[in-house]
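Q: Could you take a close look at one helix and what packs around it, then walk me through the aromatic pairs?

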Amino acid sequence: MKKLMLLMSCVAVMVAMTGCKNDVAREARQIMDEPFKQEREFMKDAIKHRSPDVQKVDIIGNTVVYTHIFDGIIDVKTYTYDGDVCVEAERVYTFPSQMSALRHYRRAVEQAELYDNIQLFNNEVRYDLKDDQHKLETKGLNKEQLKAKFDKQIENAKADMKCCEDKMKDHHKNCR
């Protein structure tokens, strides 16, 4: 009976120790996943509220992530850096339907001189930009400079939208 109790105690201690390791590993994973969790929440919110046009750019580790949601399509460009040099660029489109994804996939295949590793998964099209293409887009910019370039594009697009909205309001006032 004593041996059985000793054996059960040892098993209980081992289970408790394993549980502690899992808690530490779980906390580490949660910390590492936090930027991606924030990105997913941003996307869910934008999609939930049917945002007509959302643009966002972030630096996450050694990557610059540019996200653009328009007409129900989510376009995510990821530029991976090694030091101050962009070494890879990937683009992922998520479409509202598999049919629209298939149409985009066919266009990407027709323009294979620009892309590598073109893949279709349900309503998602993923591909890498060829070296010449992503070098053309990054033009020797480091992560911060590329983010600033995208931020400027977003700022200009918002200014254009505001201008158009103001013109439409003026037009509607004059029509009354």
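A: Let's start with α2, residues 98-110: this helix has 13 residues and reaches 18 Å from its first C-alpha to its last, close to the 18 Å expected at 1.5 Å a residue (1.5 Å times one less than the number of residues). Helices (H or I, at least four residues) and strands (E, at least two) are DSSP runs, numbered from the N terminus. This is a predicted model: local features need pLDDT of at least 70, side-chain atom pairs count only at pLDDT 80 or more, and totals for chains, interfaces and linings use all residues. Residues are numbered from 1 along each chain as its sequence is written, and side-chain values use heavy atoms, with hydrogens and water left out.

Ser-100, Ala-101, His-104 and Ala-108 of α2 are buried (under 20% relative accessible area, 1.4 Å probe, protein chains only). They sit on the same side of α2, because they cover an arc of only 100° around the axis, taken from the directions from the helix axis to the C-beta atoms. Their cover includes β4 (85-94), β5 (115-121) and β6 (124-129), counting contact as heavy atoms within 4.5 Å.

Now the rings: there are five aromatic pairs (Phe, Tyr or Trp, its six-membered ring, with centres within 6.5 Å; planes under 30 degrees apart are stacked, over 60 edge-to-face, the rest tilted). One of them is Tyr-79 with Phe-150, tilted at 5.7 Å and 40°. Tyr-79 is in strand β3 and Phe-150 in helix α4, 71 residues apart, and both are buried. Tyr-93 and Tyr-127 are tilted too, with centres 6.4 Å apart and planes at 45°; the pair ties β4 to β6.

Conventions
Buried means under 20% relative accessible area, exposed over 50%, partly exposed in between (1.4 Å probe, protein chains only).
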